[in-house]
Amino acid sequence: MQHVGNGDSVANEGQRSEEGVGMAGNFGLKGCRKIQGPQLRGLIDAKDVFLFDCDGVLWHGEAAISGASAVVNSLVTRGKRVLFVTNNCTRPRENYVSKFNQLGFADVVREQIFSSSYCSALYLRDVVRVQGQVFVIGCDGMRTELREAGVQFVEENDPPDATIYDCALTPDVKAVLVGHDDKLTFLKLAKASCYLRDPDCLFLTTDNDPWHPLRNGRILPGSGCLTAALEVATGRKATVVGKPSRFMFECISSQFTGIDPAQCLMVGDRLETDMLFGTNCGLDTMLTLTGISQMEEAQEYRDSEHSTNQSFVPDYVVDTIADFLPAIEELN
């Protein structure tokens, strides 16, 4: 697995093409400003690689956001490389391929999809080279990716009335991986806490997202909630594999050689995840307003006196991914 260090990102930023520098400098669009028309057309023309978050950017639940599939399909037709980076760990990549096809995204293959569950499997196999089993708090999608990567994990078969007082603990657990788990039990948390008492047992989380929106104003607690519970129980901090960690971009760089961060655009809907991920990886960032974060929040970060908050500020803002369509059509 290739690793991209901070120095590499800084160097690549310095090597930004003259076209890209001229674009940003002439338009003066840095710092959370709406972009459209010729400015958006110039940005699309200047970038070679487009990284899209999925939920809130390309679709809501099982419904595509209007124009999203046309945008993605048009970018591919123009020879742009389009990749999908998502912290949603519930689906294996094959299921994502099916969803893309059902929603009208043409010819998406799993090599384009980098989910937090897939990247967690690569991290365990290729980076830490775990020698033993992984205890999983998460969904079947995570187990599918681990299985395909050849990473062994604990197959739970506790009786329904088992408790932490009398259940079996697997002796060779070398890592605990936490993700979204809609079948979470107190026993799972207790087991994970026991395994993590061993300082040599790795503590990983697919992502640290706090919550996800549902219909009618309801929310779904995210992986970050489960991770926080274990952090309190164990006094340890988990290593985050998905966004905003750089590792997801390192996965991309290892599988697609020659990708220049300066020629990439990260498009997402969550400031604390997608925009920070782009900042951490040296990518230009774009916020769409069809998901979680809104313009007012981005402006608050931009105007904050705390310098660290600038990492959450998008370079560009659009109302919706469909705003790409007129600009792309003008490029034809």
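User: At what angle do helix α6 and helix α7 cross, and how close do the axes come?

Analyst: Two packed helices are described by the angle between their axes and the distance between the axes. In this predicted model, the axes of α6 (residues 116–127) and α7 (residues 140–149) come within 8 Å and cross at roughly 40 degrees. Axes are lines fitted to C-alpha atoms, for helices over the stretch in contact, and angles run from 0 to 180 degrees between N-to-C directions. Helices (H or I, at least four residues) and strands (E, at least two) are DSSP runs, numbered from the N terminus.

Residues are numbered from 1 along each chain as its sequence is written. The model is predicted, so local features need pLDDT of at least 70 and side-chain atom pairs count only at pLDDT 80 or more, while totals for chains, interfaces and linings use all residues; side-chain values use heavy atoms, with hydrogens and water left out.

User: Which word describes how α6 and α7 lie to each other, and what is the hand of the crossing?

Analyst: Angles under 35 degrees count as roughly parallel, over 145 as roughly antiparallel, 65 to 115 as roughly perpendicular and the rest as oblique. α6 and α7 are therefore oblique to each other.

User: Which residues of α6 and α7 meet?

Analyst: Contact means heavy atoms within 4.5 Å. From α6, Ser117, Tyr118, Ala121, Leu124 and Arg125 meet Gly141, Met142, Glu145, Leu146 and Ala149 of α7. The residues of this contact divide into six nonpolar, two polar and two charged. Here Ala, Val, Leu, Ile, Met, Phe, Trp, Tyr, Cys and Pro count as nonpolar, Asp, Glu, Lys and Arg as charged, and the others, Gly among them, as polar.

User: How do helix α8 and helix α9 pack?

Analyst: α8 (residues 186–195) and α9 (residues 223–234) pack at an angle of about 50 degrees, with their axes 10 Å apart. The two are therefore oblique to each other, and α8 passes α9 in a right-handed crossing. Leu189, Ala192 and Ser193 in α8 meet Leu226, Ala229, Leu230, Ala233 and Thr234 in α9. This contact has six nonpolar residues, two polar and no charged.

User: Which residues of helix α13 are buried?

Analyst: Buried means under 20% relative accessible area, exposed over 50%, and partly exposed in between (1.4 Å probe, protein chains only). In α13 (residues 324–331), the residues Phe324, Ala327, Ile328 and Leu331 are buried. They cover an arc of only 100 degrees around the axis, which puts them on the same side of α13; the arc is that of the directions from the helix axis to the C-beta atoms. Their cover includes α3 (37–46), β2 (49–52), α4 (68–77), β13 (264–268) and β14 (284–288).

User: Which residue other than glycine has a positive phi near 70 degrees, and is this residue buried or exposed?

Analyst: Cys32 has a phi near 70 degrees. Cys32 sits in the loop between α2 (18–27) and β1 (33–34) and is buried, with a relative accessible area of 2%. Asn216, which is not a glycine, has a positive phi of about 60 degrees. Asn216 lies in the loop between β10 (211–213) and β11 (219–221) and counts as exposed at 76% relative accessibility.

User: Where is the cis peptide bond?

Analyst: The bond joins Lys243 and Pro244, with omega about 10 degrees. Pro244 lies in the loop between β12 (239–240) and α10 (247–255).

Technical notes
A crossing is left-handed if the near helix is turned anticlockwise from the far one by less than a right angle, and right-handed if clockwise.
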